[in-house]
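I opened my notebook to get to know a new structure.

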Amino acid sequence: MKLRHFTLTLLLAVPSLHAATYYVAPPASGGSDSNPGTLASPYATIQRAANVAAAGDTVLIRTGTYRETITPTNSGTIGARITYQNYNNEVVTIS
């Protein structure tokens, strides 16, 4: 019984091992959709991050106004959601 519980716990933890964090910032702050989406080289649009984000990933959005419509490409799951949130409580406007 303990082995079965350990195996279940391990399987549930696997999606989080592959989770990625992507960053988005306006072009004036260094964002470019040709960047790799890291903190040092963020994407310019939320849509670019939405195109690559998969179950368990997080998209952190830096201060700015983003004039775009976002259509996520992938879906998360109940146990591994795709999270979109502002970076360190910075002010983000999507219009």
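These entries follow what I looked up, from strands to aromatic rings.

**Entry one: strands.** I kept in mind that this is a predicted model. I started with strand 1 (residues 21–24) and found that it pairs with strand 2 (residues 58–61) in the parallel sense, over four bridges. Across from Tyr23 I found Leu60 of strand 2. I then followed the chain from strand 1 through helix 2 (residues 46–52) to strand 2, a β-α-β crossover that is right-handed. Strand 2 also pairs with strand 4 (residues 83–86), again parallel and over four bridges; there, Val59 has Tyr84 as its bridge partner.

**Entry two: Thr58.** I looked up this residue in strand 2. Leaving out residues up to four places away in sequence, I saw that Thr58 touches Ala20, Thr21, Tyr22 and Thr83. Thr58 and Tyr23 are 35 residues apart in sequence, yet their C-alpha atoms are 8.5 Å apart in space.

How many aromatic pairs does the whole structure hold? My search found two. In one, the ring centres of Tyr22 and Tyr43 are 6.1 Å apart and the planes stand at 25°, so I noted the pair as stacked. Tyr22 belongs to strand 1 and Tyr43 to the loop between strand 1 and helix 2, so the pair ties together parts 21 residues apart in sequence. Tyr22 is buried at 17% relative accessibility, and Tyr43 is buried at 4%.

Next I looked at Tyr23 and Tyr87: their ring centres are 5.9 Å apart with planes at 70°, so this pair is edge-to-face. It links strand 1 with the loop between strand 4 and strand 5 (92–94), with Tyr23 and Tyr87 64 residues apart.

Conventions:
Residues are numbered from 1 along each chain as its sequence is written. This is a predicted model: local features need pLDDT of at least 70, side-chain atom pairs count only at pLDDT 80 or more; totals for chains, interfaces and linings use all residues. Side-chain values use heavy atoms; hydrogens and water are left out. Two strands pair if DSSP finds at least two bridges between them. A crossover is right-handed if, with the strands pointing away from the viewer, the path from the first strand over the helix to the second runs clockwise. Contact means heavy atoms within 4.5 Å. Rings of Phe, Tyr and Trp (its six-membered ring) pair if their centres lie within 6.5 Å; planes under 30 degrees apart count as stacked, over 60 as edge-to-face and the rest as tilted. Buried means under 20% relative accessible area, exposed over 50%, partly exposed in between (1.4 Å probe, protein chains only).
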